[in-house]
Amino acid sequence: MGIEIKGDKEFKALLQKLLAQYPEVLDMALDDTADAISLAAQRIVPVDTGRLRSSINVRREYLAKTIGTNVEYAAFVEFGTPIGTGENGGPMPFLRPAFQTNKGRVSEFVIANLP
C-alpha cells in the first residue's frame, strides 16, 4: 500500500513557469523543497518505535522528487483505520500537512539557487 500526494493546480502552474525559464535551478529548488517536506513530516509523524519516522525519505530524479516511506502501516497512520492509530483509529496525518506547509517554499528556493 502506498501514499501519493500530488501538488494542487496553483503549485503545478508555478512549477511549469519555472521549468520553462530555469530547469536546473528548478531541480535544485525541488530538492530543497522535498527536503523541507521530508523534515517536516519527520517532526510531526506520531512516534511509537521510531521506525516510521526514520523511514521517511526523498527519492530524487531530475525534476521529480518523491517523499515517502516503505513502512507498510504508513497509510493507516496518515489516513486512519478502524483499529490502530489515533483516537479510535482515526487519522494522524503527517505527509499531507508537511506538503501543505512547505509546498510554497519552492519559489524561495528558486530565488536562493538563481545564479
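Tyrosine 62 is partly exposed in this predicted model. Its relative accessible area is 47%, so the residue falls between the 20% and 50% cut-offs. Tyrosine 62 sits in the loop between strand S1 (57–61) and strand S2 (64–68).

Leaving aside residues up to four places away in sequence, tyrosine 62 touches Pro23, Glu24 and Asp27. With glutamate 24 there is also a side-chain polar contact of 2.9 Å. Leucine 26 is 36 residues from tyrosine 62 along the chain, yet their C-alpha atoms are 9.6 Å apart.

Leucine 26 leads on to the core. The largest nonpolar core has 24 residues. Leu15, Leu26, Ala41, Leu52, Phe94, Val106 and Val110 touch the most other members. Five helices, H1 (9–21), H2 (23–44), H4 (74–79), H5 (95–102) and H6 (105–113), each give two or more residues to this core. Helix H2 gives the most, with eight residues.

Threonine 33 lies in helix H2. Its relative accessibility is 2%, under the 20% cut-off, so threonine 33 counts as buried.

| Residue | Residues touched |
|---|---|
| Tyrosine 62 | Pro23, Glu24, Asp27 |
| Threonine 33 | Asn102, Lys103, Arg105, Val106, Phe109 |
| Valine 110 | Leu18, Val25, Leu26, Ala29 |

Definitions and conventions. Residues numbered from 1 in each chain as written. Predicted model: local features only at pLDDT ≥ 70, side-chain atom pairs only at ≥ 80, totals over all residues. Heavy atoms only, no water. Core = buried A, V, L, I, M, F, W, Y, C linked by side-chain atoms within 4.5 Å. Buried < 20%, exposed > 50% of the residue type's maximum accessible area, 1.4 Å probe, protein only. Helix = DSSP H or I, 4+ residues; strand = E, 2+ residues; numbered from the N terminus. Contact = heavy atoms within 4.5 Å. Polar contact = N/O pair within 3.5 Å; in protein donor to acceptor, adjacent residues only side chain to side chain.
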